[in-house]
Amino acid sequence: MSSDEAPKPPQYAPPNIGSNPPKYKYNTTLPVPWWFNPSSVSAFHSLPLKSTDVILSSGVKMGTTWMNKILISLLHEFDNNGNLIPEAVQQRGEIPNRLGQTYPEATHPTRNEYEEDSLGIFKRMTNGREELKSIFGDFVLEDLVEQPHPRIFSTHLFGREYLPSGLFDDDDNEGKDECKREGTGKLIIVIRNLKDAMCSLHNFRGLPQDGWFGNEHGPGTFARYTMMNGECPNAIGSAFEWIKESNDAVMSIGNKRALVVYYESLILDFGRQLQRINDFLELGTLSDAKAQAIEETCALQSMQNAEGGARYKYTTRKGGIGKWSQSP
């Protein structure tokens, strides 16, 4: 920039969106985005699971979009020769998660309820119906339930309280072997260095009104992000508490059905982490051709330049490791 060129003014996120804390809460305690649908959250929690189901749970700005793309590529879109499966490509627009993640908590339970919108979800946002469709696609929870197997459910929901109860053994019947229900399905947790996640959130869809360290609009990103004990006002609450509850879930389920993937490990050695995920899902031998094709299609530049209605091109940012060191 030349010395006589004025610096660009900061771009701020709209109120209640992106880097700004939302004004809505679930069960009066958990801060949630404007599109959060409590009816679908309740239905998702009680959803009967199949042994082949994959629940992807990741924290806010910790790699949800990336991991969703990896799982779709691995489970549905590439054959062992590293070629795209034509039928899978043709169906991308018709199936949730294929062109970008579709959160259960961001859907209406049924198409009728979507049309009626009795909870007034769409009224919370200007052009709410179109805005929701641009982020998560034109889907409802029924579409997620009816997607081809193995089903993928990508979500920011976490822990026993919010994830499908069928993931976990039914402890209520402990000591009654004839009635005890064993958990099923598989859980993949994605976590990231919280300092980088905080910086990514700070820039999400623009800067927050209260800046880094606070002003008349609020306490600022740093103070908000480090609040605990139910005080964090950010969407989905405290990242620290999210990790604690996710850790408890992994410990409860066990390593045969729960896998933790670190965002940084994916960046540093994508091939090795892809192999871990493949083995965890018991998919058999991962060919070099398939692994290479998935690594190429899941590269940041490939996702940002994706065509054909891909929604993830709008939610991928810079990625990287250690960006927090460049912040104030």
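**Figure 1. Strands β3 and β4 of the predicted model.** Strand β3 (residues 54-58) pairs with β4 in the parallel sense over four bridges; two strands count as paired if DSSP finds at least two bridges between them. Within this pairing, serine 154 of β4 is the bridge partner of leucine 56. Strands (E, at least two residues) and helices (H or I, at least four residues) are DSSP runs, numbered from the N terminus. The model is predicted, with local features requiring pLDDT of at least 70 and side-chain atom pairs counting only at pLDDT 80 or more, while totals for chains, interfaces and linings use all residues. Residues are numbered from 1 along each chain as its sequence is written, and side-chain values use heavy atoms, with hydrogens and water left out.

Figure 2. The open sheet has the strand order β4-β3-β5-β6, with parallel pairing. Its edge strands, β4 (152-155) and β6 (258-262), each pair on one side only. On average, neighbouring strands are turned by 20° against each other, direction ignored. Helix α10 (residues 239-253) packs on the sheet, where it touches β3, β5 (186-191) and β6; contact means heavy atoms within 4.5 Å. The direction of α10 makes about 150° with that of β5. Axes are lines fitted to C-alpha atoms, for helices over the stretch in contact, and angles run from 0 to 180 degrees between N-to-C directions.

**Figure 3. The salt bridge between glutamate 77 and arginine 92.** The closest N and O atoms of glutamate 77 and arginine 92 are 2.9 Å apart. Glutamate 77 belongs to helix α2 (residues 64-77), and arginine 92 to the loop between α3 (86-90) and α4 (111-116), 15 residues apart. Glutamate 77 is buried at a relative accessible area of 0%, and arginine 92 also counts as buried, at 19%. Buried means under 20% relative accessible area, exposed over 50%, and partly exposed in between (1.4 Å probe, protein chains only). A salt bridge is a side-chain nitrogen of Lys or Arg within 4 Å of a carboxyl oxygen of Asp or Glu; by this rule the count comes to nine.

Figure 4. Arginine 111 forms a salt bridge with aspartate 138, their closest N and O atoms being 2.9 Å apart. Because arginine 111 lies in helix α4 and aspartate 138 in the loop between α5 (128-136) and α6 (141-145), the pair ties together parts 27 residues apart in sequence. Arginine 111 is partly exposed, at 28%, as is aspartate 138, at 36%. Arg111, Asp138 and Asp143 are linked in a network of salt bridges. Arginine 205 forms a salt bridge with glutamate 131, with the closest N and O atoms 3.1 Å apart.
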